[in-house]
Amino acid sequence: MSTPPEAVPVREAATVALVRDARVGGGLEVFLQHRVATMQFAAGMSVFPGGGVEPRDYRGTRPWRGPEPRWWAEAFTIGEERAAAAVRGVARELFEETGVLLAEPAPAPDPAATGAARPVEPPGLAERRALDAGEGDLDSLLAAHGLILSAHLLRPWDRWTTPLGPRRRYDTLFFVAAVPEGAEPDGGTSEARAVGWMRADDAATAGTLGRLGMLRPTLDVLADLATAADVAELLDTSRTIAPGGH
């Protein structure tokens, strides 16, 4: 017996449009993943990095740099616990899927302390793969390397809920973030057959014309990104996200 559409649970998810200034002609480039055809959701589609917000994302307590959970909760019209979990979750997914870690050295516990600080070693590939396999959580990984989450690099952008019909439904929070200086996302995820940077306007056009398969939320976000002159303008854009999203 099939599950009635209204009985399909709506899961929490978070995704991030990673952007950089276009190399030629102004505007933005956005990092897209082109998913494999075997995925249970959005198979074969072009998407932003992201995924489900997991119980381990709720367990985090480590302070971060950036707005407090209440600010994120108000931006998305959700509870503070979910907001904090989504910020951690989207940063975790970004690291797992692209290798880009939104983190920085933690402040010294005693600013008056003397002596050389211990060099910060970023997490390696083995730790990235372990996190992706469900081992540990982002807070523990950052603490082990003397890092804190750079939540100030993220911006709240939109919220979409999968309509009735699909066997998997998500209430997805959309973020945007500029790629940190010196970082370069990769295709080290089994969920994508290919990855790469595209101009936001070119990607939006390709999605509109059907040259790239996209879900409507991805296409709408790309259309918004395509209107920005550069990353600085985009990050300064004030967003009003409707309660409950689309």
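## A buried strand, its neighbours and a helix pair

Strand S8 (residues 169-178) has 10 of its 10 residues buried, so it is largely enclosed by the rest of the structure; here buried means under 20% relative accessible area, with exposed over 50% and partly exposed in between, using a 1.4 Å probe and protein chains only. The model is a predicted one, in which local features need pLDDT of at least 70 and side-chain atom pairs count only at pLDDT 80 or more, while totals for chains, interfaces and linings use all residues. Residues are numbered from 1 along each chain as its sequence is written, and side-chain values use heavy atoms, with hydrogens and water left out.

In the protein there are eight helices and nine strands, where helices (H or I, at least four residues) and strands (E, at least two) are DSSP runs numbered from the N terminus. Of the 246 residues in the protein, 46% are buried. Contact means heavy atoms within 4.5 Å, and among the contacts between residues at least 6 apart in sequence, 74% join residues at least 24 apart.

Returning to S8, Arg-169, Asp-171, Leu-173, Phe-175 and Ala-177 point one way from the strand, whereas Tyr-170, Thr-172, Phe-174, Val-176 and Ala-178 point the other way, and all are buried. Two strands are taken to pair if DSSP finds at least two bridges between them. Strand S1 (residues 10-21) runs parallel to S8 and is joined to it by 10 bridges; Ala-13 stands opposite Thr-172, and Ala-17 stands opposite Val-176. Strand S7 (residues 154-161) pairs with S8 in the antiparallel sense over seven bridges, with Arg-159 having Leu-173 as its bridge partner in S8.

With strand S4 (residues 50-52), S1 pairs in the antiparallel sense over three bridges, and the partner of Ala-13 in S4 is Gly-52. S1 and S2 form a hairpin with six residues between them, and Gly-25 in the turn has a positive phi of about 85°.

Just after H6, Gly-210 takes a positive phi of about 80°.

Two packed helices are described by the angle between their axes and the distance between the axes. Helix H6 (residues 200-208) and helix H7 (residues 216-225) pack at an angle of about 145°, with their axes 8 Å apart; axes are lines fitted to C-alpha atoms, for helices over the stretch in contact, and angles run from 0 to 180 degrees between N-to-C directions. The contact is made by Ala-200, Ala-203, Ala-204, Gly-207 and Thr-208 of H6 together with Leu-219, Leu-222, Ala-223 and Leu-225 of H7. By class, this contact has seven nonpolar, two polar and no charged residues, where Ala, Val, Leu, Ile, Met, Phe, Trp, Tyr, Cys and Pro count as nonpolar, Asp, Glu, Lys and Arg as charged, and the others, Gly among them, as polar.
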